[in-house]
Amino acid sequence: MSINIFLSIIVTSLATYSSRFLGVVSSVKVKETSKIFSWFNCIAYATLAALIARTIIFPAGILSEASYLSRFLVVFFSLSIFFLTKKNFVYPTILSAFMMAITNNFL
Amino acid sequence: MIKKEFFLKGYKSILKADSPAIALGCCFIAIGALLKNIGFNINESVFSTMIIYALPGSLVMAESILVGASLLSIFISVWFVNVRLYPMAVSLFPLMMDEGQPKWKYYLSCHFIAVSAWLIMKSNYEQIEKKDRVDFWIGIGTATWSVSIAATILGFYLADYLNKDMLMGLAILNPIYFTCMMVGSMKSIKISLSIILGAILGPIFYFISPEWSILLGGLVAGTISYLIGKKEKINVN
């Protein structure tokens with residue numbers, strides 16, 4: 001294992017674990033019926049929604065090579081399939097990969 | 001020690017028909033292929049998934065290595081991307097805190113906090129008594145973690161056979177799966193508003209500060225939704 005890659009992995013792991021660990025330490029004094037728990041619950045859902053929206057609108061990695069139109073079309077069709085299949089998670093997820101590959105070649 | 005019954009119940013939650021295992025696995029296949037392409041060997045790829053276990057963090061690390069960033073810069077960038085795990089932990093661990101359980105279970109199992117395991121736990125915790133929830137959570141976490149490790153190995157060895165279209169298809173799976181899961185979680189005004197406002201404000205804040213956009217978007221959207229939800233509850237009562 002080269003030293004640079006090994007150290008990069010360790011540093012990334014520490015940066016990730018610190019947030020998880022601090023979250024658990026803070027949880028000790030938080031009751032599930034408290035206002036602060038309810039507030040953090042809203043923040044957690046909103047943060048995840050922000051992360052997902054950013055991944056689709058301003059992606060990093062290979063997705064950034066796909067056009068905005070193709071990404072939005074895939075999201076739109078996937079959500080349509082999700083509702084048409086009575087909120088089944090698997091169909092839209094699997095089909096989205098095929099839709100992405102196809103729309104990327106035509107749009 | 002960990003109660004086998006609840007651990008297995010949690011572990012088996014990824015075998016359900018609407019399990020995140022497929023989406024999660026596909027995303028880590030893409031990560032495995034990416035890590036091979038930037039020069040990781042198989043040991044490094046597996047080791048990174050095992051001890052990082054957070055997709056955005058791994059992506060940031062890979063991009064930083066590619067541009068030759070310093071270790072300090074990697075730490076700060078990853079911390080910004082993964083600081084969202086803090087509110088996720090605070091909104092999950094109070095649900096399973098029990099005085100009869102040893103602390104090490106909580107400190108070790110917090111490593112499993114990731115979107116997929118968090119959403120599975122949030123949808124199922126009410127079926128389990130509070131004193132046994134941490135064992136159930138360790139089962140869920142171990143299952144999603146093992147899928148990620150197996151998929152990284154698969155992705156590493158498939159890297160030479162995956163073309164650009166296939167990698168793009170794999171990369172969209174996770175955001176789509178999480179979008180559907182989030183839409184499926186919209187069962188109260190507070191949560192629905194949090195998700196809608198977060199999805200709007202996150203990208204808007206990106207224009208102000210790309211590093212802080214997720215956290216700021218989440219904080220502002222979550223606080224507005226909490227206050228509106230609270231007001232709504234008072235009006236109903």
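Lys86(A) sits in the loop between helix 3 (68-84) and helix 4 of chain A. This is a predicted model, in which local features need pLDDT of at least 70, side-chain atom pairs count only at pLDDT 80 or more, and totals for chains, interfaces and linings use all residues. Residues are numbered from 1 along each chain as its sequence is written, with chains lettered from A and ligands numbered from 1 in the order in which they are written.

**Exercise 1.** State whether Lys86(A) is buried or exposed.

Solution. Step one is the rule: a residue is buried if 20 or more other C-beta atoms, placed from the backbone, lie within 10 Å of its own, exposed if 12 or fewer, and partly exposed in between. Step two is the count: Lys86(A) has 6 other C-beta atoms within 10 Å, so Lys86(A) is exposed. For the backbone, Lys86(A) has a positive phi of about 55 degrees, although Lys86(A) is not a glycine. Most residues other than glycine have a negative phi.

**Exercise 2.** Classify Lys87(A) by its C-beta neighbours.

Solution. Lys87(A) lies in the loop between helix 3 and helix 4 of chain A. Lys87(A) has 13 C-beta neighbours inside 10 Å and therefore counts as partly exposed. Its phi is positive, about 60 degrees, and Lys87(A) is not a glycine.

**Exercise 3.** Describe how helix 4 of chain A and helix 10 of chain B pack.

Solution. Helices are DSSP runs (H or I, at least four residues), numbered from the N terminus. Axes are lines fitted to C-alpha atoms over the stretch in contact, and angles run from 0 to 180 degrees between N-to-C directions. Angles under 35 degrees count as roughly parallel, over 145 as roughly antiparallel, 65 to 115 as roughly perpendicular and the rest as oblique. Helix 4 of chain A and helix 10 of chain B are therefore oblique to each other.

Notes: Helices (H or I, at least four residues) and strands (E, at least two) are DSSP runs, numbered from the N terminus.
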